[in-house]
Every structure is written in structure tokens, then in C-alpha cells.
Amino acid sequence: MHRLLIITKKEVQDAIRSKQALALIAFLSLSILISVWVASTSFSIKMNEYNVYLAALTPDMQAQALARPQLFPLTLIRSGIEYIEILGALFAFIIGFTSISRERSRGTSLCLLSRPIKKSEILLGKTLGLFVIWTAVLATIYLTSITAIIGIGHGRLQVIDFVRLGIVFLFADIYLLFWSLFAVAVTARLKQFSSAILVGITSWLMVVLVIPQIGDTMDPDNQVPGGLFGSLGIVKATETSILAHFHIFDVIRNGLEVTSITKLFERIAFAFLGIKDKYNQLPISSVAKALESSLIAVILLTVLVGISTVLISRNEETLRRRN
Amino acid sequence: MIFKAAFKHELLSSFRSKSPQLVVGVFLVLTSISSIIGWLTVRNVTKIYNDIVSQNLTTAPNPFINVPSLYYMRDSVIYVVLIGSLMAIILGAQASLRDRKSNASELIKTRNVNLVHRIVGQLSAIASIIVLLEIVALLTSFILIWVIQKTPLNIGGIYALLGYGAVSVILMISIAAIGFAFGSISKTEESSLLYPIVGWAVITFTIPQVITSTHPVALLNPTPAVATGTGLAQSVINGISPLAVMENFKAIANAILGIDKSIQLSLVDLFSFSLFAVIGVMASVVISSKTFGRNLDA
């Protein structure tokens with residue numbers, strides 16, 4: 001077997017032995033199940049309210065009644081996607097961190113370095129291993145999501161929905177790989193494990209929570225419950241023309257948001273799942289075209305952090321040092 | 001005597017420790033500038049509103065007319081939940097880990113030391129640091145609001161600011177105490193930070209979602225999301241509501257600051273929050289004293 005694949009296999013075996021992968025699958029599956037249950041119950045309550053409203057109308061008024069609430073099954077996993085965004089990223093950091101800290105604290109990195117294997121191969125093998133772990137975890141979560149949507153949410157999925165969900169989970173894979181690789185780079189670079197954890201947690205806090213939160217705060221439509229424009233009775237077309245007068249503020253807000261890979265992933269996921277109204281029921285090609293820059297940015301950022309990881313590994317000390 | 005020595009030693013060690021400085025810096029910067037972010041947004045929304053009015057598209061009043069002076073602090077509440085809590089976990093866990101890493105416990109066990117007094121001394125030192133940080137954050141907010149509004153806060157506003165600071169400090173101290181306990185019992189350094197952080201995430205995102213059906217990310221939004229309910233029995237909701245500590249904190253803070261007039265200070269929220277703080281600190285002292293001297297795994 002190629003040396004690279006041996007390292008990959010060892011990485012996957014370590015994750016299985018430490019029960020990390022199992023814990024991840026259990027936690028993320030549970031979040032998906034809770035999310036679908038909460039969303040479908042919430043929809044049922046909305047539906048019941050609508051039926052009560054409809055029953056209260058006289059037959060001639062029923063023709064002019066408000067539109068019946070519509071269930072788009074893929075939107076049921078919205079909260080699950082948000083858990084992947086927030087907690088998935090944290091777990092990905094932990095997995096990446098453990099991948100290096102385990103070698104250093106056990107002293108196995110010294111053993112690895114004594115073998116005829118390049119340092120970059122060790123890190124590439126680990127990267128591949130992390131990719132395999134995340135792909136396996138997300139494939140399971142993908143199946144759980146489908147089962148939950150059909151079983152708990154009673155949603156009817158079309159073939160195209162499986163593809164949409166597949167695209168979202170493919171990007172979830174890339175997004176989580178980004179965090180694991182970032183953890184590998186930080187842990188390999190820093191002498192102390194505690195420093196690596198603190199740098200990682202602070203970065204996670206800023207990228208996953210704080211930057212998107214500031215972006216949300218700066219969104220004019222997030223200032224009033226129900227939305228500013230909604231509360232002022234402004235229709236969508238007028239809203240767009242009004243916002244065009246405040247282009248600079250929106251550019252700053254958007255510029256801030258796109259510095260966060262979490263926000264980029266969220267945009268991709270919400271668009272393909274139809275959570276964002278303007279993309280709902282659009283063909284996949286149209287959604288992909290509209291989100292071209294976000295798709296490229298997520299891939300590019302992950303590749304860049306991967307390259308940084310390999311470059312850091314060229315310094316032998318990074319793998320040799322003990323905590 | 002032991003209390004005083006532990007207090008002084010913990011203060012000294014915490015100020016010397018470089019690791020938590022990054023997260024402390026982020027906390028100070030963001031809680032301090034939250035007023036500016038709030039002000040910029042309100043100013044932009046008011047401009048949008050004026051534009052809408054000039055085009056005769058609405059007759060509704062400006063939603064930001066007569067907003068309270070402390071309205072600009074609303075992001076600060078979120079930052080205490082996000083950054084303040086994590087900073088507290090780190091400060092607490094690092095304090096108990098420091099002893100375990102340096103094997104100071106072996107030395108302490110050879111002396112006649114009252115462990116409870118020592119732990120209370122350490123926790124009091126961490127509490128003092130948190131109080132100091134909160135004072136800096138509040139003082140900066142006070143000055144910024146003064147600059148933004150061109151007039152200082154009135155006495156009611158100052159009391160509200162102090163009340164909010166007190167509640168924030170109570171939250172962070174109790175979380176630091178929990179972090180301290182995890183630092184005492186965890187087998188490894190990383191698990192002492194990661195377990196309480198995962199617990200924090202569940203309390204902040206999952207429990208409120210189960211109770212109100214709100215999406216996790218919406219819980220970070222300064223504007224409360226519309227809760228549609230999850231169909232759970234009221235008795236179940238009542239049972240798990242006290243665990244939604246961050247939501248209780250947000251409700252109390254919003255009521256004190258007068259940000260959302262529709263929110264009344266709920267006695268249940270207040271009681272649950274106080275109970276969490278008391279139990280958190282007491283449990284930490286008991287657990288840490290009982291498990292004192294436990295070795296860290298390699």
C-alpha cells in the first residue's frame with residue numbers, strides 16, 4: 001500500500017477507535033432529528049391555525065382567503081444545517097486538533113519521522129484521512145436527513161431534492177474539512193496545546209458566530225420583528241429599489257459577511273435547499289450560477305488552508321515537539 | 001489566610017498567563033464597540049425610513065423614534081452570551097489546570113491547607129478579573145453612548161447599565177466556576193475546555209430551539225425571533241426552561257436595559273438564572289475540592 005494511504009488508513013482507524021466519528025454521527029444525527037421534528041411540528045401548528053382561520057370564514061369569503069401554507073420538505077432541515085455550521089465547525093476543529101495532539105503527546109510523531117516518509121506526505125495522508133472521516137460522517141447524516149424528512153416531517157421528496165441535498169452535503173464536507181485543516185495547521189504550528197485550542201476557539205467564535213452576527217445586525221430588515229420593510233408595508237420590488245440608494249452600507253455589510261466561510265456555506269446551503277425564498281424551486285444550474293462566487297470561495301479557502309498546512313509541516317520541529 | 005494567599009496567587013498567575021489574552025481582548029473590543037455597531041445600524045435604518053417617507057410609501061411611524069438610550073447596548077447582550085461565556089470557561093478551566101500541569105497539588109497536599117478556602121480564593125480572584133473586564137466594557141459603552149447621543153446617560157440609565165453589568169458578571173462568574181470544575185476533573189487539558197464548550201452550545205442553541213422552535217442562528221439576532229411553539233406539553237416546557245440559561249439572561253438583560261418594552265422582567269427567569277448561578281458556584285467548589293490533585297493524562 002502506498003505510504004500516503006497507510007497514513008490515511010491510520011487516521012481513520014484512530015478516529016474510529018477514539019469513538020470520535022461515532023460521537024459526531026450521533027450528535028449531528030440527533031440535531032437533524034430534533035430540527036426536523038421541531039420544524040414539522042411548527043408547520044403543523046401553522047396549518048391547524050390556517051384551518052381554524054379558514055373554517056371561520058364564510059363560503060364566499062373563502063375564495064379570497066390567504067394562501068395555504070406550503071411545505072417545502074428540504075427546508076425542514078434548516079436548523080440541522082445551522083448546527084453543522086456552528087457545532088460541526090467546532091467538532092471539525094477538535095478532530096483536526098486531536099489528529100496532531102495525539103501524535104505529539106504519544107510520541108508517535110517521532111516514530112513516523114524516523115521512517116522513510118516525507119513530512120508533507122504525513123500531512124497529506126492526514127488531510128486525506130480527515131476528508132474520508134468527514135465524508136463518512138456526512139454520508140450518514142445525509143441518509144438520516146432523508147429518513148427524518150420522510151419519516152418525521154412526512155415530506156415527499158423528488159429525485160431533484162436528493163441531488164440538491166447531495167450538493168449541500170458535499171459543500172458541508174468541504175466546509176468541515178476547512179476547519180479540520182485549520183486545526184491541523186494551528187496545532188502543528190503552536191508549541192502548547194492550550195494555545196492551539198485558544199487560538200482555534202477564538203477563530204471559531206469570530207468566523208462562525210461574531211462576523212455573521214454583526215452582518216445580521218447591520219441588515220436593515222433584521223431590526224424590527226417581522227422585518228423593517230414588512231412592518232412598513234413595503235413590497236419586495238420597492239424594497240430593492242430603496243436599498244439601491246444605500247448601496248455603500250450594503251457593500252460594507254456584505255463585505256464583512258463574505259469574510260466568513262460560515263456565512264458563505266450558509267448562503268450555498270440555504271439557496272440549494274430553497275430556504276432563501278428567491279432561490280426556492282429554481283433549477284440547480286440557476287442557483288449555482290447565482291452563487292458562483294460563494295462556491296468558488298469555499299473551495300478556494302479550503303485549498304488555501306490545506307496548502308498552508310503542508311507548508312507548515314515542512315518544518316520538522318512542528319511534528320517533533322512534545323507538549 | 002489560605003483564602004488571601006490563593007486569591008493573590010491566582011490574580012498574579014492569571015495576569016502572567018498569556019494564553020487567554022486573545023479571547024479577553026476580543027471580549028473587550030466587541031462589548032465596547034457594540035454601541036457603535038448599534039448606532040450605525042439605527043442611523044442607516046432611519047435614513048432608509050426617511051427615504052421611504054419622502055416617496056410617500058408609508059405613514060407608519062419611524063420604528064426607532066424615541067428608542068431608549070441603552071438601545072445601542074443590545075448587541076452587547078449577545079456578546080456576553082457568546083464571547084463572555086467562552087472567556088469565562090477558559091479563565092476558569094485554565095486556573096484549575098495550571099495547578100494540575102505544574103503538579104502544585106502534590107506540594108499543597110503535604111501542607112495543612114483548607115481546600116475549600118483555597119478554591120473559594122481562586123474563584124474570587126477570577127471573579128475580580130471578570131468584574132474588572134466588565135467595568136472597562138461598561139465604561140467604554142457609557143462614554144460611546146455619551147458621544148453618540150451628545151448627552152450623558154441620566155441616573156436611571158446609569159443604574160440600568162450597572163444592573164446589566166451585575167447580571168453579566170453573575171453569568172460569567174458562574175460559568176467560570178463550571179469551567180474551573182471541568183479543569184479539575186477532566187482527564188486531559190483539551191477535554192477540560194471542550195466539554196463545557198459543547199455544554200454551552202447545547203444550552204445556548206439546542207434547548208431554546210426545542211422550547212420555542214427558533215432556529216439556532218436566529219438566537220444570535222438582536223431582534224427576538226417569532227416563536228411558533230413546538231407542540232410540547234407546557235409541563236415539559238416548564239421543566240426544561242430553567243436550563244435555557246442564556247435565554248433567561250437575555251430576557252433579564254433586555255428588561256433591565258429597557259431595550260424591548262414588550263419584555264417584562266419575569267420572576268421565573270430571574271429565579272432560574274439565580275439558581276443556576278448559585279448551583280454552578282457551589283457545585284464547582286464541592287467538585288473541585290473533592291477531586292483535588294487528580295493527575296492529568298499525558
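Start at the N terminus of chain B and follow the elements along: they run α-α-α-α-α-α-α-α-α-α. Count them up and you get ten helices and zero strands. Keep in mind as you look around that this is a predicted model.

How compact is chain B? Its radius of gyration is 21 Å, close to the 19 Å that the globule rule gives for 298 residues, so chain B is as compact as a globular protein of that length.

Now let's peek inside. Of the 298 residues in chain B, 46% are buried, meaning that each of these has 20 or more other C-beta atoms within 10 Å of its own. The contacts within chain B are worth a look too. Take those between residues at least 6 apart in sequence: 83% of them join residues at least 24 apart.

Next, turn to the place where the two chains meet. Chain B puts 48 residues into this contact, and chain A puts in 50. Which helices of chain B each supply at least two residues to the side touching chain A? They are α2 (21–54), α3 (74–102) and α7 (189–212). The largest share of that side comes from α2(B), with twelve residues.

And what sorts of residues are they? Sorted by class, the side of chain B that touches chain A has 30 nonpolar residues, 13 polar ones and five charged ones.

Conventions. Residues are numbered from 1 along each chain as its sequence is written. Chains are lettered from A and ligands numbered from 1 in the order in which they are written. This is a predicted model: local features need pLDDT of at least 70, side-chain atom pairs count only at pLDDT 80 or more; totals for chains, interfaces and linings use all residues. Two residues are in contact if their C-beta atoms, placed from the backbone, lie within 7 Å. Helices (H or I, at least four residues) and strands (E, at least two) are DSSP runs, numbered from the N terminus. Ala, Val, Leu, Ile, Met, Phe, Trp, Tyr, Cys and Pro count as nonpolar, Asp, Glu, Lys and Arg as charged, and the others, Gly among them, as polar. The radius of gyration is taken over C-alpha atoms; the globule rule is 2.2 Å times the number of residues to the power 0.38. A residue is buried if 20 or more other C-beta atoms lie within 10 Å of its own, exposed if 12 or fewer, and partly exposed in between; C-beta atoms are placed from the backbone.
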